[in-house]
Structures are given as structure tokens and as C-alpha cells.
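Here are some notes for a colleague who is opening this structure for the first time. Please read them with the sequence and the model side by side.

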Amino acid sequence: MESFQNAAEQLEKDYNIFLDYLSTNEVRLSLQTGFIGKKDCLAINHQLNIVRERYLKDGRTQNYYTVIDFFYFVSVRSGILQIIKGKSKNLAFRRGSRYKPFFEMSSIERYIFMLVMWMGEYQEALGNIYSRFSGFALFDLMDKGKVGEMLMPSFAREVPAPWGSYYIPEIRLFSLFNLIKIEWLEDNIEDKENKYRVHKLFQTAEGHLLMSLLKKQEVMYWSRFSFDSALEMIKDILSIPEDEIIMKLTNFHVNPIEEGQHTIEFRIEVGSCVRKIILGDQYTLDDLHYFIQKSVDFDMDHLYYFQVGKGTSMRRYYAPECDDEPWIADTVSLAELSLIEGMHFEYLFDFGDMWKFQICVEHILPEHSETAVIEDVKGEAPEQYAWY
């Protein structure tokens, strides 16, 4: 574990830079995505040390700053930070209930927690959305490299390495945890084929050690790990002797949410039809599906999903019949979604006819309601089978 102590301390410094910027600047988040704006991403990136993107032009969105996106993901998903309604209907951050407990951990414990979050939940999100070069391919290169040597893809002699041609989040994450080192293209060198400015990759001692330990465990592909399975693997890799650390990190990852505290007013739009649905936060997304169907008098005879969030923070909650999907609508309450006034998400019903309903969280009321209310706001309900 001592081999990773320096990496843990460097990670801690960059994460503190991220948090300090959010606390000392009036950072506004997009109502549509909940993400940090382009100007703030640029400013945060300029202060980072381990992975600082070298874009020649400004204007990149959060998903093109992997370190910022990853810090955002870990902070919000774990309750270290909470997204709230800010000034002028914008969204903003504040410290969450897990902020203090997180910083009561040691730097190596925080390193392990964030490493497991990457290998589990964040890598799954990358695989579903952005990833062009899965982590196992980097492991394959690291298997052949020695400490300090440049990592060479097998096809490097035939075509240029893809590092600077495609935006590859995993490269940034491997570097963030000091498992590889990035050599960036010099600022004064113009290369139209290398628009993401990554020039070379080098093997680190930590990466080499991780690779050798993974080989002993015969673990080569981890992009579908859960938090628990990734933590179990990391426990063996880092030779953690204390079961207390595992218990601490597991308990920290479980972020209990109290239900029955609020009532939520939803505005539902499909075409020119607008409905209002008012529900207590103990109801599930499957319940919301039922009331939406009732509000437009549809037959509930098709599958559906709710898409909440954007980018790597996006999740799709499917109908209970889709039991092979990771997130199911009848297992998550409205309270667990961490909804914010003004945010939008989508409900898609019938994978054939593709009825798309836009949902806006209009109000979150402090009192709690056990009953559900459906109100007509505007327009007649669409005809479900008009073509028929």
C-alpha cells in the first residue's frame, strides 16, 4: 500500500483544487444537464496538476475534461457535494452530508474509494456513453511495458497511435491515479491529426505493480465491476490488512435517503398536451409511469424507461419486465433521485412507437403527501394508436 501513498497525496491535491474552486466561485450549473459550464471547466482545468488538458481552443464541455467530470461524478453520487437550486433559477453546489466524513478518511483511503468508484460505476458510465478505447486495452499495453518505458500499441508501426486522434477518457483516469504518465504535445507544435494533444504514454511503477497483481488474480477486464466487487479486488491488490477500511468505505458508499419528507410537482408534456402530477417522494418511478399513463388515458401495454441526467451521470430506469437492465423503475423512489426544482428528464414509452414525454420538476414542497393528484393543464391527450 505504501507504493500508492504518493499517488494518493497527488490525487488529494487536485481534488482539493476542484472543491476549492467550487466553494470560492459562483459556479452555475446547466439546468438541462446539471453540468459545470465551459468557462468554469476551463478555469479549473488550468489549475490541475496531474492531468491538465492542453486544448489550443476554448469552449469544451465538461465531458471533454475527464478529471473534472470524474470529480463531479464522485462528489455528487457519494453525497460529498449536493446540487441545489441557486440564484435566478440556476443550479449550484453546496457541501453535502458526506463532505466531512470523506475528509476524515486518510489520503490512501480516499484514493482507494475513488479508484473503486472509477473501476465500478464511472467506468460503466464511460463504457455506455463515451469510451472509444476500453481500459483493458491499456492493461494489455501495460502488460508488455517496463517501468519508465513508452507504451506502444501493437499497430503503432502501421498507423499513428490513437492517443491524440480520439478523446480517450481512460488515458486521463489511468494518469490521474498514477498508473501511467502522459507526455503532452508541446504548445508550440501544431498537429491537426493530434487534436487532443496526447503525445506519448509511459509506464509507472504503480501501474506496473497493479498490472502484476492483476495478472496473479487473473483479472484483465474490469469495465463492468460493481463497487463491491471492485473494492474486493483492490483490497487484495493493495494488500490492505484492516477489514475496518473495507467496512468504512462500504458504509460510506451507501448513501441512505429519507423518504416521506417532500411532495413533488411534475409538469408532463407530450406534444401539445400538458399535465401536472403531484406525488409524495415515497412513490417510485414505476408509480410515476402509472400516473403519466393515467393522465393521457394510454393502455399500459408496452415497455418504457426514464432517462435521468446527462453524460456519465445519466441513468436509464427501465420497466420491471426489463430485469436484465441494471436500473429498474420500481426499485428507486423519487427521493433517491435527488431531484431539484427546474431540472428536466425524459420518459419514453413504447419502444416501437417511441412516445417521448418531457418531465420538468416544477416544485419540491416541504410537506409530504400520501396521495397522488393528476391535473389537466392544457390540451387534449394524444391518441395512442392514431395510425391504427
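1. Met 354 counts as partly exposed because its relative accessible area is 39%, where buried means under 20%, exposed over 50% and partly exposed in between (1.4 Å probe, protein chains only). The residue sits in the loop between β9 and β10 (355–365); helices (H or I, at least four residues) and strands (E, at least two) are DSSP runs, numbered from the N terminus. Together with Leu 303 and Phe 351, Met 354 forms a nonpolar patch on the surface, with about 240 Å² of accessible area for the three together.

2. On the basis of the model: this is a predicted model, in which local features need pLDDT of at least 70 and side-chain atom pairs count only at pLDDT 80 or more, while totals for chains, interfaces and linings use all residues. Residues are numbered from 1 along each chain as its sequence is written, and side-chain values use heavy atoms, with hydrogens and water left out.

3. On the chain as a whole: there are 11 helices and 11 strands. Of its 388 residues, 49% count as buried. Among contacts (heavy atoms within 4.5 Å) with a separation of 6 or more, 66% are between residues 24 or more positions apart.

4. On surface charge: Glu 321, Asp 323, Asp 324 and Asp 330 gather in a patch of negative charge. Patches are made of residues with over 30% relative accessible area and no salt bridge, with like charges joined within 9 Å and nonpolar side chains (Val, Leu, Ile, Met, Phe, Trp, Tyr) within 5 Å. Lys and Arg count as positive and Asp and Glu as negative, without His and the chain ends; a charge is placed at NZ of Lys, CZ of Arg, CG of Asp or CD of Glu. Asp 323 belongs to the loop between β8 (315–318) and β9 (344–349) and counts as exposed because its relative accessibility is 66%.

5. On salt bridges: the term stands for a side-chain nitrogen of Lys or Arg within 4 Å of a carboxyl oxygen of Asp or Glu. By this rule the count is nine. One of them joins Glu 121 and Arg 77 at 3.0 Å, N to O. That pair links distant parts of the chain, with Glu 121 in helix α5 (residues 107–129) and Arg 77 in helix α3 (residues 66–78), 44 residues apart. Another joins Arg 315 and Glu 121 at 3.7 Å, N to O; here strand β8 is linked to helix α5 across 194 residues. Glu 121 and Arg 315 are both buried, whereas Arg 77, at 25% relative accessibility, is partly exposed.

6. Which residues does Glu 193 touch, not counting residues up to four places away in sequence? They are Gly 164 and Ser 165. Glu 193 lies in the loop between β3 (180–184) and β4 (198–203) and is exposed, with a relative accessible area of 62%. Asn 194 is in the loop between β3 and β4, but counts as buried because its relative accessibility is 8%. Leaving aside neighbours within four places in sequence, Asn 194 is in contact with Gly 164, Leu 185 and His 199.

Note on methods: Areas by Shrake-Rupley, 256 points an atom, 1.4 Å probe, with all protein chains shown as cover.
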